[in-house]
Amino acid sequence: MVTGSTTGIGKAIALRCVAEGASVIIHGLERDLGEQVLEEIGSEKAALHIEDLCAVGAPQRLVDVAVNRFGRLDALVNNAAMVVSGNIHTTDINFFRHVLEVNTLIPFILIKTALPHLQRSRGCVLNIGSVNAYCGEPNLFPYSVSKGALMTMTRNL
């Protein structure tokens, strides 16, 4: 299961997993992009789940999709993230909380939800992070944007 795998690094991870013999759950927010990845991989080796991970119950539904489709869960790749920029003057506190939820709380919840299945399969978790966890750079503070602008920004990552 690879979160945020309709584009970018997540898509590359999903493609590589399949190339190595795995089956994969493709996850993201954009159905059209997810369907393109699914077509590229093939439905015999992949399933698509489109949902905002912050929605109530979404982590459980994603784990259920993996277990129901493939009968087990061997790995969780926490790749989905919000990468936005701004500064303390332009950052809205509610948007900042949302970024923290997506980038920090949701990976924790997914691990907790997937853990019983991963223990049975002796599986693993891969959390994708950024060098900015160790050292920052200017204007990495999130800022509030409209949903349309946010979708455009995340699609371009």
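Which residues does Leu-73 touch, not counting residues up to four places away in sequence?

**View 1. Overall architecture of the predicted model.** This is a predicted model, in which local features need pLDDT of at least 70 and side-chain atom pairs count only at pLDDT 80 or more, while totals for chains, interfaces and linings use all residues. Residues are numbered from 1 along each chain as its sequence is written, and side-chain values use heavy atoms, with hydrogens and water left out. The protein has 5 helices and 4 strands, where helices (H or I, at least four residues) and strands (E, at least two) are DSSP runs numbered from the N terminus. From the N terminus on, the elements follow the order α-β-α-β-α-β-α-β-α. Of the 157 residues, 36% count as buried; buried means under 20% relative accessible area, exposed over 50%, and partly exposed in between (1.4 Å probe, protein chains only). Among contacts (heavy atoms within 4.5 Å) between residues at least 6 apart in sequence, 64% join residues at least 24 apart.

**View 2. Leu-73 and the largest nonpolar core.** Leu-73 touches Met-1, Val-63, Ala-66, Val-67, Ala-114, His-117, Leu-118 and Ser-121, when residues up to four places away in sequence are not counted. A nonpolar core is a set of buried Ala, Val, Leu, Ile, Met, Phe, Trp, Tyr and Cys residues joined through side-chain atoms within 4.5 Å. The largest such core has 14 residues, of which Met-1 and Leu-73 touch the most other members. Helix H3 (58-70) and helix H4 (93-121) each supply at least two residues of this core. A second, separate core of 10 residues includes Ile-13, Ala-14, Val-37 and Ile-41. In soluble globular proteins, nonpolar side chains tend to be buried together.

View 3. Ser-5 belongs to the segment before helix H1 (8-19). Why does Ser-5 count as buried? Ser-5 counts as buried because its relative accessibility is 0%. Leaving aside neighbours within four places in sequence, Ser-5 is in contact with Gly-10, Lys-11, Ala-14, Ile-25, Ile-26, His-27 and Val-37.

**View 4. Gly-28 in strand E1.** Gly-28 is found in strand E1 (residues 24-28) and, at 5% relative accessibility, counts as buried. With residues up to four places away in sequence not counted, Gly-28 touches Thr-6, His-49, Ile-50 and Glu-51. Gly-28 and Leu-48 are 20 residues apart in sequence, and their C-alpha atoms are 8.4 Å apart in space.

**View 5. Salt bridges.** A salt bridge is a side-chain nitrogen of Lys or Arg within 4 Å of a carboxyl oxygen of Asp or Glu. A search of the whole structure finds 4 of them.

- Lys-11 pairs with Glu-40, the closest N and O atoms being 3.5 Å apart. This pair links distant parts of the chain, with Lys-11 in helix H1 and Glu-40 in helix H2 (residues 31-41), 29 residues apart. Lys-11 is partly exposed, with a relative accessible area of 25%, and Glu-40 is partly exposed at 48%.
- Arg-61 pairs with Glu-51, the closest N and O atoms being 2.4 Å apart. Here Arg-61 lies in helix H3 and Glu-51 in the loop between strand E2 (46-50) and H3, 10 residues apart. Arg-61 counts as partly exposed at 35% relative accessibility, whereas Glu-51 counts as buried at 15%.
- Arg-72 pairs with Asp-74, the closest N and O atoms being 2.6 Å apart. Arg-72 is partly exposed at 46% relative accessibility, and Asp-74 is partly exposed with a relative accessible area of 36%.

**View 6. Model confidence.** The mean pLDDT of the protein is 87, and 82% of its residues reach 70 or more; pLDDT is the predictor's confidence in each residue, from 0 to 100. Over residues 144-157 the pLDDT is below 50, and this stretch has 23 contacts in the model beyond near neighbours in sequence. Where pLDDT is low, the predicted coordinates should not be read in detail.
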